[in-house]
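My entries follow the display.

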Amino acid sequence: MSCLRISASLSSSSSSSTFNRVNAAINVPKLPPVPFSLPKIPTTTTKLIQELNGSIHTIIPLEKDAENSQTFVDFSKPSKSKATVKLYAVLEAVADRVEMHKNIGEQRNNWNSLLFNSVNMITLAAAGMVGVTTAIDDTAPMLALKLSSTLLFSAATGMLLIMNKIQPSQLAEEQRNATRLFKQLQTEIQTTLAIGNPTEEDVDTAMNKVLALDKAYPLPLLGTMLEKFPSKFEPAVWWPKTEATTRSQKKTNNKNGWTPELETEMWQLLEVVKRKDMEDYDRLGNLALKINKTLAISGPLLTGIAALGSALASHGSSWPGIAAVMAGSLAASVNALEHGGQVGMVFEMYRNCGGFFKLLQETIEATLEEKDCEKRENGALFEMKVATKLGRSVSQLRRLASKFVAYESEGIDMDEFASKLF
């Protein structure tokens, strides 16, 4: 029991005020120490926590304090597999490339507009000077105009040679396509990370796609620039080559969403793509290439003729001056058609569209050649993706395949393209 001791004392001061002072103290006996310890986490519980950690992609490590011999959970260390970390690194590189191609595309588009306007202004100004020198007697001021027009025509010829070699409108279109495709790859990687559990195969696939895009749409102008005037139209290729894999000989029997009818439908659709869309873009691409070649040669040739005519122009002989004025005017018109009309950009657009159908062809062929249906993508999902790429619904895709069979049986050419997008 506790004992209570209370003592009170009264004191008075020299003044008339008095107060009571009470001192109290409580003495409580000390309790004896009771041993108490937390139970250790059993091994089975530790394994259970680790398994749960793996299911939510977060490691909750159980660490042991060396001094106090106590086990505790550290929530400050998130878990990331090596494949996830690598895929994030690839994602950062892809995001950087998106910005690079976007900025360079804007720069090269400015090149096209600025050079086009400058060359046309120079050409028309030189043609006006030649016309003045031809109409007026030879004097010192007219000689200055004649020399100035010759220099301007010569400068326009040199600038046109450079412009027609690099094709700024085509360069800008290349960078726009590269930006779009890198954004598409960026979305694919983000989807893979969102689904979770990326593998080393996902990392290798992403890296190969990045390298293929770098090769298809190079940034430098010197050395690695794409050929602007190839001998033949070829679709753009921006995807890595698929390596040949061993094919098993299992028959298709409604496995993984695949049926014999769906395979037949895909083969029929592929024939429509080859005969209509790919042939049409091949024809248009070759036509754009021929027009671009003709205009690229005609522009500098006309300005060169104008420069020679302006040098020989005089009041006594008007034909060189007339030839210079006519050639200069034609050169401005050709330049306006080629670079103002962006024929190089149109050619690159056809290359990109041809590459789209070529990629679709290779994807369908690679999928159907795989005999093991379990190794394929799900049939219904694959059909939906193909329909989406072609701007159609699944029912429209099936009707197109049926229409192709009907036309083939009657020996009539198909009058409809597979794609409704372009």
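Is the crossing of H6 and H7 left-handed or right-handed? I found it left-handed (the near helix is turned anticlockwise from the far one by less than a right angle; clockwise would be right-handed).

I noted that this is a predicted model, where local features need pLDDT of at least 70, side-chain atom pairs count only at pLDDT 80 or more, and totals for chains, interfaces and linings use all residues. Residues are numbered from 1 along each chain as its sequence is written, and side-chain values use heavy atoms, without hydrogens and water.

Entry: helix pair. I looked up H6 and H7 (residues 319-340), which pack at an angle of about 155 degrees with axes 7 Å apart. H6 is therefore roughly antiparallel to H7 (angles over 145 degrees count as such). Axes are lines fitted to C-alpha atoms over the stretch in contact, and angles run from 0 to 180 degrees between N-to-C directions. Helices are DSSP runs (H or I, at least four residues), numbered from the N terminus.

I listed the residues that meet (heavy atoms within 4.5 Å): they include Leu295, Leu302 and Ala306 in H6, and Ala324, Ala327 and Val334 in H7.

Entry: cores. I took a nonpolar core as buried Ala, Val, Leu, Ile, Met, Phe, Trp, Tyr and Cys residues joined through side-chain atoms within 4.5 Å, buried being under 20% relative accessible area with a 1.4 Å probe, protein chains only. The largest has 50 residues, and Tyr217 and Trp238 are among those with the most contacts inside it. H6 gives the most to this core, with nine residues.

Conventions: Helices (H or I, at least four residues) and strands (E, at least two) are DSSP runs, numbered from the N terminus. Angles under 35 degrees count as roughly parallel, over 145 as roughly antiparallel, 65 to 115 as roughly perpendicular and the rest as oblique.
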